[in-house]
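Good morning, and thank you for making time for this presentation.

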Amino acid sequence: MTSEINLEDRYTVPGRYWHRLDDGRVQCDVCPRECRLHEGQRGLCFVRGRVADQVVLTTYGRSSGFCVDPVEKKPLNHFLPGSSVLSFGTAGCNLACKFCQNWDISKSREIDRLSDAASPESIAEAAERLGCRSVAMTYNDPVIFLEYAVDVADACRARGIRAVAVTAGYAGEAARRELFAHVDAANVDLKAFTEDFYRRVAAGHLQPVLDTLQFLRHETDVWFEITTLLIPGLNDSDDEIHAECAWIAANLGPDIPLHFTAFHPDYKMRDVPPTPPETLTRARRIALRHGLRFVYTGNVHDAEGGRTACPGCGEVVVERDWYVIGRYRLTDDGRCRSCGTALPGRYDGPVGRWGARRLPVSLARAGG
Ligand code: SF4
């Protein structure tokens, strides 16, 4: 286990958001946890800590691995459809979800197992070489590796590669503002719609996530979609789904895509059964009744729940089976080929044909 923080370490850089407290501790302001640290102590995310009287990030330029995925896997259904995305993450997380599906990475305290060293420039160069139209900071939350995430996003944009953040939206105000000024798209994980769930199951709070969603919608032009992982008995009641969808419709409008995805038993929650497909269908129907126009089911084969219908004429303009796009009836700039209505999202050229492939790649071996 690597726990000692060393300012000389090549992966350790000064953090941007923190301040001193009267009692001698320093407070990290990157996320709402507001960890208050003594010298040598790490925060809950484990990748930030205090050394030499400042808060540092200890994973700048270190990755848990790279993989080329379909962008639909992030999930993003209205962002460069069918294209491939170079995905990577680091270690650690600022939430502590008992159902985490990436816990080997997010809860890793062994930073040394981060195998790929990668500068922002080498990531952008690799994405270009591999024909990816975007780079996704995913697996764990880019909020906690903010300084690295922002530099990666900038290096990508300089080459015409888009930057994507897959995030729980659990960010402090200034960190949130900085991160989303540098990315083009995001998928925000809205884990549930009760404070009780966030507190008991994820060890966090709901309101900061809602603040992030409001911020994205009203203060940025970042394209974003929302994902809710439905867990049997914990966040899948009709009442809770109604409340979530009503909030989205009233605060974000009907055009933000919403993905309901299926839970599979993992990490500390192996006693809960997998989500039945009917639950996803039920949730989708509720969302449609609230007027949301683009509601998808994920982690299942569901022809109905994988479709996009044109809000103008009702024609099915995109069919998907898991991550594979079938019928595609949009123009290169995202208009319905039948009636010309513009679909919300980011469309730029013909549909990609990456399909469902998953291609692990190593940047370290390439000298990145
Ligand atoms: S990012 Fe969040 S969890 Fe990590 S040290 Fe800062 S306040 Fe704590």
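Where is the place of Phe46? Phe46 sits in the loop between strand 4 (36-37) and strand 5 (48-51).

Two remarks on conventions. Residues are numbered from 1 along each chain as its sequence is written. This is a predicted model, in which local features need pLDDT of at least 70 and side-chain atom pairs count only at pLDDT 80 or more, while totals for chains, interfaces and linings use all residues.

Is Phe46 buried or exposed? Phe46 is buried, because 22 other C-beta atoms lie within 10 Å. The rule is that a residue is buried if 20 or more other C-beta atoms lie within 10 Å of its own, exposed if 12 or fewer, and partly exposed in between, with C-beta atoms placed from the backbone. Thr59 is 13 residues away from Phe46 in sequence, and their C-alpha atoms are 9.9 Å apart.

Let me turn to the chain as a whole. The protein chain has 8 helices and 20 strands. Of its 368 residues, 49% count as buried. Along the principal axes, the C-alpha atoms fill a box of roughly 60 × 45 × 40 Å. As for contacts between residues at least 6 apart in sequence, 68% join residues at least 24 apart; a contact requires C-beta atoms, placed from the backbone, to lie within 7 Å.

Next, the domains. The assignment gives domain 1 (13-57) and domain 2 (62-360), with bounds that come from an automatic or database domain assignment. Their C-alpha centres lie 29 Å apart. The contact between them takes 15 residues from domain 1 and 19 residues from domain 2. On the side of domain 1 that touches domain 2, 10 residues are nonpolar, 1 is polar and 4 are charged. In this classification Ala, Val, Leu, Ile, Met, Phe, Trp, Tyr, Cys and Pro count as nonpolar, Asp, Glu, Lys and Arg as charged, and the others, Gly among them, as polar.

How many residues does the largest nonpolar core have? The largest nonpolar core has 96 residues, and those with the most contacts inside it include Ile123, Val135, Val164 and Val183. Helix 3 (residues 146-158) supplies the largest share of this core, 8 residues. Each of domain 1 (13-57) and domain 2 (62-360) contributes at least three residues to this core. A nonpolar core is a set of buried Ala, Val, Leu, Ile, Met, Phe, Trp, Tyr and Cys residues joined through C-beta atoms within 7 Å. Not counting residues up to four places away in sequence, Val164 touches a set of residues including Lys74, Val85, Val135 and Val183. A second, separate core of 7 residues includes Val317, Ile325, Leu330 and Leu343.

The ligand comes next. Among the residues around the ligand are Cys28, Cys31, Glu34, Cys35, Cys45, Arg48 and Asn94, a residue being near if its C-beta atom, placed from the backbone, lies within 6 Å. The shell has 7 nonpolar, 2 polar and 3 charged residues.

Glu34 also deserves a comment on its backbone. Most residues other than glycine have a negative phi, and most peptide bonds are trans. Glu34 has a positive phi of about 50 degrees and is found in the loop between strand 3 (26-28) and strand 4. Glu34 is exposed, because 12 other C-beta atoms lie within 10 Å. Ala203 also has a positive phi, of about 55 degrees, and lies in the loop between helix 5 (195-201) and helix 6 (207-219). The peptide bond from Lys74 to Pro75 is cis, with omega near -10 degrees, and Pro75 lies in the loop between strand 8 and strand 9 (84-88).

Finally, Ala192 is found in the loop between strand 13 (185-189) and helix 5. Ala192 touches Phe197, Tyr198, Asn235 and Glu240, not counting residues up to four places away in sequence.

Conventions. Helices (H or I, at least four residues) and strands (E, at least two) are DSSP runs, numbered from the N terminus. Two residues are in contact if their C-beta atoms, placed from the backbone, lie within 7 Å.
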